[in-house]
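Here is a short briefing to read alongside the model. Please keep the viewer open as you go through the points.

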Amino acid sequence: MKKYVKLYPYYVSRSIKARLAYRFDAFIGIFGFLLENGIIFSTLYLTISSIPALNGWDLNMMGFLYGYYLIPKAIDHIFSDQIWQLGNGGITRGILDKYLIKPLNPLFQLVAEMIQLEGFGELILGIIFLCVFGSKLTINWHFSNTIGLLVSGFFAIWFFFAIKLIFGSLSFWTKRSIEVMTLVYDFSNFAKYPVDIFSKSIQFVLTFILPFSVVIFFPIRAFLFNENMWIVTLYVAISSVAMFLLSYFIWTKGLKKYESAGS
Amino acid sequence: MKPKNIKKYMAFSKAGILSGFAYKFSAFGWLLGDAISLMILYFLWKAIYQNASSDVINGMTFEEMVSYLIYARIGTTLVFSTASFWIIGEDIYEGNIAISLIRPINYRYRLLATSFGNFLSALILMFVPLMSLSMLLFHFTLEIPIPGILNFGWFFASVILSFMIADSLNFLIGEMALFTNALFGLMIIKNITLSFFSGSLLPSSFFPNWLEITMKFLPFQSMIETPIMILMGKLEGYQLLSTFLMQFVWVFVLNAVCNLSFNAMKKRVVSVGG
Amino acid sequence: MAMIELRNVKKCFKKPVRKPGILGMFKTLFSMKYTVTEAVKDISFSLNEGEIVGYIGANGAGKSTTIKMMCGILTPTSGEIYVDGYLPYDPKQRKHVLGKIGVVFGQRTQLWWDLPLVESLTILKQIYDIKESDYQERFDFIKEVLDLTPFLSQPVRTLSLGQRMRADLAASLIHNPKILFLDEPTIGLDVLVKDKMIQAIKDIHQRYHTTIVLTTHNMDDITDLCQRVIILDEGIILYDGPLKMLKNKFGDIRHIKFTCKEKFDTNVFKHHFDGLCDVVLEDETYSIAFDISKISINQVLKVILDNASVSDISIVENSLESIVKTIYETKKY
């Protein structure tokens with residue numbers, strides 16, 4: 001365990017160094033994601049401007065929600081972007097072989113391999129939104145709800161990671177799963193909106209099957225409407241941990257299959 | 001263009017059609033992703049109109065809004081079927097651009113011809129089935145009238161112009177590959193900017209005033225919003241003709257810009273090396 | 001105990017029966033039919049410490065599969081493999097093996113693509129817990145022997161094939177593995193770089209007595225490096241023994257090639273040597289192959305010179321390549 005803690009900064013620092021060698025490219029990547037989210041939010045902004053509030057959520061609240069949505073997503077994007085390679089034909093290309101012959105956990109090696117600076121575009125925007133819209137709202141920033149929000153955000157990072165890992169690991173069986181991965185990952189877009197605007201069946205999916213709304217929307221709702229933060233944080237923790245355990249289980253199963261049957 | 005050259009260009013178009021068909025599965029995969037965002041938009045707008053004080057927001061009813069957004073998304077499969085960005089981008093990235101300059105065929109038009117092939121395959125594989133499906137769906141569920149033949153006629157004329165505008169813009173942005181290796185990042189910037197300003201995410205009547213006015217002088221609006229509005233019968237008579245004129249003007253202007261910039265690039269490549 | 005030991009190893013792959021076309025794709029998804037391919041049917045051999053063995057076989061013979069099983073990436077369907085006494089594919093025992101093996105997959109790199117070689121080596125030092133003094137010593141030796149200094153600080157992505165192969169070899173050795181698996185390490189390399197690689201492998205073997213398993217299609221590499229060869233075909237071992245014995249068993253064959261001004265009557269040979277040798281005409285060059293223990297060179301040359309005015313002539317020993325080719329063709333052994 002100590003070895004991993006010692007090794008990880010090595011991987012990270014070298015990966016960042018390598019990426020920064022091409023400054024302009026890194027900038028374009030970061031700018032691209034920042035712009036994309038900026039424009040999508042502008043669309044949302046212009047849409048909602050035409051009405052006073054969306055089911056009780058006004059512009060500033062929607063902005064605050066959007067900002068919160070971006071942050072855990074961004075952090076996961078920065079650290080575990082290599083997982084996409086799993087679904088992108090990586091299994092058949094044998095990218096796992098070089099991990100399997102080293103005395104180090106292969107999942108750790110896969111994740112640590114790359115730091116994706118593009119995610120900073122989302123992160124910067126998310127922080128800006130939280131500050132700008134947060135200041136326009138009258139929020140009771142006290143200890144319990146702030147901590148609750150931070151803790152939920154922390155677990156949300158693992159949730160995003162778990163989703164990528166589950167659907168990436170499907171390619172152990174289906175050879176290529178990037179389309180499914182993208183589809184499910186994009187499902188997270190539902191969480192930018194108050195969950196009650198959707199039909200009952202979609203709400204069910206967003207709460208119990210792919211609980212993106214639990215992990216992103218519920219904490220903000222509790223935070224802004226002064227509901228019980230601790231219960232919500234508990235829900236977030238349970239969903240995220242459950243998803244993570246599931247993802248690790250599927251990954252391990254897939255890896256076993258790979259070792260017995262090859263690619 | 002000489003007649004025998006036209007044959008050469010048609011060969012590229014054929015190649016474009018075939019590759020469009022070959023990538024059909026990947027295209028459908030991405031389409032499913034579109035389905036999700038359309039679903040979100042549907043519910044969002046439903047809620048918006050519920051929370052609004054009137055049935056009409058910025059000149060559109062709920063039914064019109066939903067059909068606009070879905071027609072727009074289907075329209076993008078046609079208008080943005082161009083592959084010019086990737087072709088020129090990869091050629092520059094891999095250093096093939098020098099070879100292409102030696103060939104006795106105009107590079108820009110060759111790309112346009114290939115993209116036209118993509119256009120045709122998108123028309124057959126995606127546009128026709130999806131459009132028919134959604135028009136029938138709207139007719140029976142939301143009671144939206146199916147557009148008339150005349151509207152379709154003008155729509156296709158407009159769409160072809162839009163396609164050419166989109167192709168020129170893709171080409172121009174693809175030339176940026178000279179300055180950076182981050183093609184994927186460039187693509188994201190290009191796609192989101194074009195999506196937004198072409199009106200495929202939101203009709204321009206929702207834009208703030210200053211932006212709406214600026215858009216009138218830019219080619220973007222005419223890429224999606226114009227043809228879709230024509231289809232929905234919202235542009236008629238004088239307005240219809242003037243927007244057509246605008247599109248024509250932009251087609252010529254952008255084409256000229258493409259040729260100018262490409263010639264400048266040629267000079268640079270020839271002197272500095274691929 | 002032997003360094004590597006394989007006992008009756010068998011490996012089968014189950015592949016779903018794929019039907020062509022779009023409809024076939026759907027049928028495949030739902031069908032339960034499988035075809036079973038036996039990539040490795042029954043292999044047994046053992047290697048002692050310090051041996052260098054050439055593992056030869058046609059593509060699809062089962063070479064890569066065996067190597068993967070020895071590395072622990074693949075599990076045998078039946079039979080056992082012991083690497084330094086442990087089963088490399090057993091999750092619990094694997095950790096005893098991983099630190100002792102080094103692998104070079106010729107067609108894929110194991111290095112970090114964006115980082116310079118020297119950084120990759122530093123990370124490997126951490127991963128394998130190499131002591132600083134050992135690392136320094138190995139690093140200096142490997143750097144010298146593989147001539148790494150010119151490109152040590154360039155990102156691996158920018159290296160030429162020859163440089164990248166040397167870099168991969170360096171990375172596979174830095175932790176002083178007891179066993180080195182080289183899977184096509186010289187593929188695509190030009191003559192000069194190839195020779196450098198082979199010499200480097202020799203130097204390393206001499207200094208550290210590493211056990212080496214080499215698979216390659218290049219027979220010169222084998223003749224250069226290996227004292228022992230194992231020939232694999234369709235999942236079974238056709239030959240396992242010293243290189244010299246292979247030549248002996250197959251006869252000390254010489255090939256004489258010559259061109260002459262007029263047409264040469266090949267029946268003359270049949271008459272003199274009564275079917276003991278074969279004459280072939282190709283592109284105006286005549287080739288004779290004969291066993292030097294049965295017919296003397298003198299005799300053959302005499303017949304040629306007596307019956308033709310030779311414009312050019314060459315005498316060549318039997319190559320490993322042609323021996324291997326014959327083995328495949330006759331599948332004896």
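Predicted model: local features only at pLDDT ≥ 70, side-chain atom pairs only at ≥ 80, totals over all residues.

Residues are numbered from 1 along each chain as its sequence is written, and chains are lettered from A and ligands numbered from 1 in the order in which they are written.

**Partners of strand 12 in chain C**

- Strand 10 (residues 253-260) of chain C runs antiparallel to strand 12 of chain C and is joined to it by 6 bridges; strands count as paired if DSSP finds at least two bridges between them.
- Strand 11 (residues 278-282) of chain C also pairs with strand 12 of chain C in the antiparallel sense, over 5 bridges.
- C:Tyr286 has C:Phe258 opposite it, and C:Leu281 also stands opposite C:Tyr286.
- The hairpin of strands 11 and 12 of chain C has 2 residues between the strands, and C:Asp283 there takes a positive phi near 55°.
- Helices (H or I, at least four residues) and strands (E, at least two) are DSSP runs, numbered from the N terminus.

**Two helices in chain A**

- The axes of helix 8 (residues 143-169) and helix 10 (residues 178-186) of chain A come within 9 Å and cross at roughly 155°, so helix 8 of chain A is roughly antiparallel to helix 10 of chain A (the term applies to angles over 145 degrees).
- A:Ile163, A:Lys164, A:Phe167 and A:Gly168 in helix 8 of chain A meet A:Val180, A:Met181, A:Val184 and A:Tyr185 in helix 10 of chain A; contact means C-beta atoms, placed from the backbone, within 7 Å.

**Chain contacts**

- Chain A gives 31 residues and chain B gives 27 residues to their contact.
- Helix 2 (23-49) and helix 10 of chain A each give two or more residues to the side of chain A that touches chain B, and helix 2 of chain A gives the most, with 13 residues.
- The contact of chains C and A takes 24 residues from chain C and 18 residues from chain A.
- Helix 4 of chain C gives the most to the side of chain C that touches chain A, with 4 residues.

Notes. Contact = placed C-beta atoms within 7 Å. Axes fitted to C-alpha atoms, helices over the stretch in contact; angles between N-to-C directions. Parallel < 35°, antiparallel > 145°, perpendicular 65-115°, else oblique.
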